[in-house]
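Colleague: I am new to this structure and would like to learn how to read its features one at a time. Could you take me through them?

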Amino acid sequence: MNSDSLPPAAKKTTDVVDIPEYEDIVTSSDPDLYIDRDFSWLYFNDRVMEEALDGNNPLLERVRFLSIFASNLDEYYMVRIPTVNKSILEDSMSPGTENHIYQEMQKIYAELPVMLGGMENCWSNILMPELKAQNIHILEYSELEDFQIEYVSKYFKKNIFPQLTPLAYDSSHPFPYIANQSVNLAVILSDTAYGRIFVRIKIPSNVRRLVQVPSKEDLKSGKVEDNMAAGKSGKFNFVWVDDVIIANLDLVFPGQVIQEAHAFRITRDGDLGLDDDGDFNLMKSIEKKSGAKYFGNPLRMEINDGMSDYVLKILMENLKLRSTQVEALASPVGLSSISELCDINRADLKYEPFSPKKKEYLKITKKNNIFSKIKAKDVLIYRPYDSFETVVDFVQAASVDPDVIAIKITLYRVDKKSRIIQYLKDAADNGKQVAVLIELKARFDEENNVAKAKELEHANIHVVYGVPNLKTHAKVCMVLRKEEDGITPYVHMSTGNYNATTARIYTDFEYFTADPDIGQDAVDLFNSLTAYSRKLNYRKLLVAPNTMRAELISKIRREVENHKTNGNGYILFKLNSLVDPECIAELYKASVAGVKVDLQVRGICCLRPQIPGYSDNIHVTSIVGRFLEHVRAYYFYNNGDEELYLGSADLMQRNLDRRVEILFPVNADYLRKIKDVILETHLKDNVKLRVGLPDGSFKKVIRPKKESPLDSQIWMTENQEQWD
């Protein structure tokens, strides 16, 4: 960044002073003060790669991190590249913006090959040799012994061959549709009558990419397993299914000469264009635009580096790809498939197992009424350290409690075998009013959510698909219970989804309360979601897109005013992404005024920390570890009258302007525990913590030799009682 382009900096101070007109020092239109969000995402994926390279992590967990890195790149191509290309087309029409946007795009396209090279190097030159040293062998087909070839051939005939559907491409056969992220073979046959023929074979998605192969000792013992368990030899041998099919193509094309065969894989545009389309019949629109029925444009193609120019030309012409969109790889295409290795039965190469703790206070027994417990005091859950089962129990209890009259819930991403869905159906069967807002536009979960919506409708449940032109991202469940003093709303709110699968690997806060103000806010919120209530002002909740940004900015400015008078301004945010220019500008202003700001941002961070005169007082950190840090927490010291809000919203334009989000306050007891125990421990991490630099990159913390190591996530698994 060119510091000469920045406006004059205010005097740095942490004393009690008056900063005249400090709000004019920084504006949200200063481009040099903001890191490009798409480049910041690449820095985040670099931190994922660091975990794959870190020899202190268990070997199979490092394989998992590399798989996540590859999967992240897939999503980047599907979601961000189309958005960036669209920005170039739109912004190039505006004077003065074309050059800046174009330069940023050039940086991205220059960085992507570097990331791919790093991925291949990590796999081929680092992880594969280490796996081999642990008796886990990823073999070339040419390395197989005769008895192994015979075994693999039998496996092919039994499990793969019946599923294959070769599709020729010639004057009488159109070029076949290539599904997004499917692995395919491009085969060239030499036919005596027709000459060279191009055939595409899709590799079945229901077979493993890595086929387990027995050793000689296994065959002799008569015990051959394909279940990721080591045989008698103690070895794990694998061969890529792509190579298995290629080696057995003579069975697919008897009597033909196979000239060449190569694996390839394409990534399509994954943006369904549903965020702002205002489709009246949203269900039909989702069904039309998602899954196999949606033909997003191809954005890149991965090929094996041995593919001939003849085959490559056929693919490029028919998929309408440029040479810059083709990636020739020495490693297998679709490297995210190496996650299959994590199923290997080698506990010594994985993280130590740990069991989430069930919240005993809310445990259902004959004598324990979960609602009376919540009415007596608010309850905090911090998963995955605390068990998601408590939330399931809450919905189950509501489904059978004779005094519960209604359940209302928002669902964004739900596990496919959700027990919460079942308990909602049970509640409807028991005569309770059940209303579910299920967000059909949840990216990559569209088809699953459509299926869940139909399942709920068939159970006579009131289902709402979302708010026109908005995504409903808030996570809230309200149970209405008839009691002596009237109807009492019991509210559950969370920073994460009602999803039992992700609850085991994402860190999220959940909060149960019978606070009457929050209860009334929840009533008003659901009225606005299921109908057209125009409620704008809430008692305790901060709600987007209505007032959340304005209220957060007001609290930042209040911290500045308090600092001017008392010199004790402090802000601490922990979130997934920090992108919104207006919020970033306010944080810069707070820093200039002397307010201390700690920002822990897992992913994208567009704010530049530690710029002299601008962000001297802003410290940015990030943690990537065993669990995905998914918490959103916003703390304000407020001259000792502290406030802490948790919720579903990151500081991004999409969250604040185009989504229904909530942030909810926690009571004083939990505020202290979350702030002093959980958030402070994350800030003190000296193992997984990375520190943000002005250019957007992050550096590893160098731990002093005398300082004991502190991995905050490990600490949480060992100290769950600290926030009870």
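Predicted model: local features only at pLDDT ≥ 70, side-chain atom pairs only at ≥ 80, totals over all residues.

Colleague: How many helices and strands does the chain have, and what percentage of its residues is buried?

Modeller: The secondary structure comes to 19 helices and 27 strands, and buried residues make up 57% of the 724 residues in the chain. Among contacts with a separation of 6 or more, 74% are between residues 24 or more positions apart.

Colleague: How should I read the packing of two helices, and at what angle do α15 and α16 pack?

Modeller: Two packed helices are described by the angle between their axes together with the distance between those axes. Here helix α15 (residues 548-566) and helix α16 (residues 581-592) pack at an angle of about 5 degrees, and their axes are 9 Å apart. Because angles under 35 degrees count as roughly parallel, α15 is roughly parallel to α16.

Colleague: Which residues of α15 and α16 meet?

Modeller: On the α15 side they are Arg-549, Ile-553, Ile-556, Arg-557 and Val-560, which meet Glu-582, Cys-583, Glu-586, Leu-587, Lys-589 and Ala-590 in α16. The residues of this contact divide into 6 nonpolar, no polar and 5 charged.

Colleague: How do I read a nonpolar core, and how many residues does the largest one have?

Modeller: In soluble globular proteins, nonpolar side chains tend to be buried together. The largest nonpolar core in this model has 85 residues, and those with the most contacts inside it are Leu-66, Trp-123, Phe-573, Leu-578, Leu-587, Leu-599 and Leu-607. Its largest share, 11 residues, comes from helix α2 (residues 59-91). A second, separate core of 45 residues includes Val-464, Val-467, Val-543 and Phe-627.

Colleague: Turning to one residue, is Thr-410 buried or exposed?

Modeller: Thr-410, which is found in strand β11 (residues 404-411), counts as buried because its relative accessibility is 2%, and the cut-off for buried is under 20%. Not counting residues up to four places away in sequence, Thr-410 touches Leu-437, Thr-472, Ala-474, Lys-475, Val-476, Tyr-498, Phe-526 and Leu-529. Of these, Lys-475 is 65 residues from Thr-410 in sequence, while the two are 5.9 Å apart in space, C-alpha to C-alpha.

Methods: Residues numbered from 1 in each chain as written. Heavy atoms only, no water. Axes fitted to C-alpha atoms, helices over the stretch in contact; angles between N-to-C directions. Helix = DSSP H or I, 4+ residues; strand = E, 2+ residues; numbered from the N terminus. Parallel < 35°, antiparallel > 145°, perpendicular 65-115°, else oblique. Contact = heavy atoms within 4.5 Å. Nonpolar A, V, L, I, M, F, W, Y, C, P; charged D, E, K, R; others polar. Core = buried A, V, L, I, M, F, W, Y, C linked by side-chain atoms within 4.5 Å. Buried < 20%, exposed > 50% of the residue type's maximum accessible area, 1.4 Å probe, protein only.
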